[in-house]
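Here is a friendly briefing to read alongside the model. Have the sequence and the 3D view open, and follow the residues as they come up.

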Amino acid sequence: MYHQTLLNHMENSTNKVTNEYMDVLINKIIFIIILCISIPSIMINLFATYRLHGNTKLSVFAFRCILHVSLFTTCTCIPLFLVELYFNLYFPLSLFICKLWLIIDYSSIVCLALLVCWASIQRHILIFGPIHMKKLQSTFKFKLIPSTFALGFPLIWYSILISTCSYEKTIRNKFRCQPCFEDKKFIFLIDTLLSLLFPLLITILATLFLLIRIIRLRFRLFRSNSKKWRRCKRLTRQMILFSSIYLIGLLPYVLVNLNSLYEFWPLINLSWCIQIANAFTYVPCCFSSFLSIYAIPEIWKNRRNHHHHQHQQQNSLRKNRKQEQTSFTLPSIFSTTKTSTDTE
């Protein structure tokens, strides 16, 4: 009996040491990968944001918002996540910075989810919607309302939840910067459903439905290589690419959250699995810049040629207006000369 308990104790200690070694190794690997990806992502994001500055197209506006939120998240949240990984899940900074990081981190992830969900619905309006609906969507008010909701709702929601958390920071017990509402099952379930699961399902359904409608449109325009088909194909490709990185980034995190509530797969409850799922949440903000330089052709258009083309259009419009004015004035001149000759 004594030998059996000793063997059990040794087995538990070896498993604990193995898990700790695995955690340290996974943290180092994640640290190197995120550091190597985030630096070029920031540079490409700045380039794409500069090139799209001043672009007022409705099809580009949603992706401009995604790039802005991704740049802000990459510059603020990822450095603090790297600090936590470097100290092996020990957060060395103050509790105020911890709460501020959690609010920005969770809000930006949900904001990206809502923006991608909005873009997936907007593609149906841009491709298949009526003309008056497209004009209504292009107004500033209808551009501002979805983006304001996508930014304001998660910011208010997580500010209320995380501000009530209290932490005891000690040196012996490792301080993990983690929100306290994840320990409350009901609140955590509501947060997972409203913030992640519902936008995820809407994005999947909207993208699949868009793909089905665009395939049917292709059969209709099979013989004509029209400009409308090229535009529809470009808008659909953009949506599929951005939805895919959003699903890759948030689907593991949603599964880990649901597993922590209902424990349908015990292996995912390991700390290194949870850490990998947390790292995957930064996939959308890091890879959106890489996808933008491929999926958004407006980035590569020469701005000088664009302004020159606009200048030519304005000149042609001015010439047409002058011709119309002269065409209206000529009959009046002829009529006045005719009346003068008649009177003479």
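G152 is partly exposed, because its relative accessible area is 22% (buried means under 20%, exposed over 50% and partly exposed in between, using a 1.4 Å probe and protein chains only). The place of G152 is in helix α5, residues 140-163. This is a predicted model in which local features need pLDDT of at least 70 and side-chain atom pairs count only at pLDDT 80 or more, while totals for chains, interfaces and linings use all residues. Residues are numbered from 1 along each chain as its sequence is written, and side-chain values use heavy atoms, leaving out hydrogens and water.

- The C-alpha atoms of G152 and C111 lie 8.5 Å apart, although 41 residues separate the two along the chain.

**The chain as a whole**

- The protein chain has 10 helices and zero strands, where helices (H or I, at least four residues) and strands (E, at least two) are DSSP runs numbered from the N terminus.
- Read from the N terminus, the order of elements is α-α-α-α-α-α-α-α-α-α.
- Of the 344 residues in the protein chain, 40% count as buried.
- The protein chain exposes about 20,900 Å², and carbon and sulfur atoms supply 69% of that area, computed by the Shrake-Rupley method with a 1.4 Å probe.
- Among contacts in the protein chain with a separation of 6 or more, 80% come from residues 24 or more positions apart; contact means heavy atoms within 4.5 Å.

**Helices α2 and α3**

- Two packed helices are described by the angle between their axes and the distance between the axes.
- Helix α2 (residues 58-86) and helix α3 (residues 95-128) cross at roughly 155 degrees, and their axes come within 9 Å. Axes are lines fitted to C-alpha atoms, for helices over the stretch in contact, and angles run from 0 to 180 degrees between N-to-C directions.
- α2 and α3 are therefore roughly antiparallel to each other (angles over 145 degrees count as roughly antiparallel, under 35 as roughly parallel, 65 to 115 as roughly perpendicular and the rest as oblique).
- The contact of α2 with α3 has 21 nonpolar, six polar and three charged residues. Here Ala, Val, Leu, Ile, Met, Phe, Trp, Tyr, Cys and Pro count as nonpolar, Asp, Glu, Lys and Arg as charged, and the others, Gly among them, as polar.

**Helices α7 and α9**

- α7 packs with helix α9 (residues 283-295) at an angle of about 160 degrees, the axes being 9 Å apart.
- That angle makes α7 roughly antiparallel to α9.
- By class, 11 nonpolar, four polar and one charged residues form the contact of α7 with α9.
- On the α7 side the residues include R237, L241, F242 and I245, and on the α9 side they include F287, L291, S292 and A295.

**Two buried residues in these helices**

- T236 sits in helix α7, which covers residues 227-262, and counts as buried because its relative accessibility is 5%.
- Not counting residues up to four places away in sequence, T236 touches I127, L210, L211 and I214.
- T236 and A295 are 59 residues apart in sequence, with 9.9 Å between their C-alpha atoms.
- S292 lies in helix α9 and counts as buried, since its relative accessibility is 0%.
- Leaving aside neighbours within four places in sequence, S292 is in contact with A48, L67, F242 and I299.
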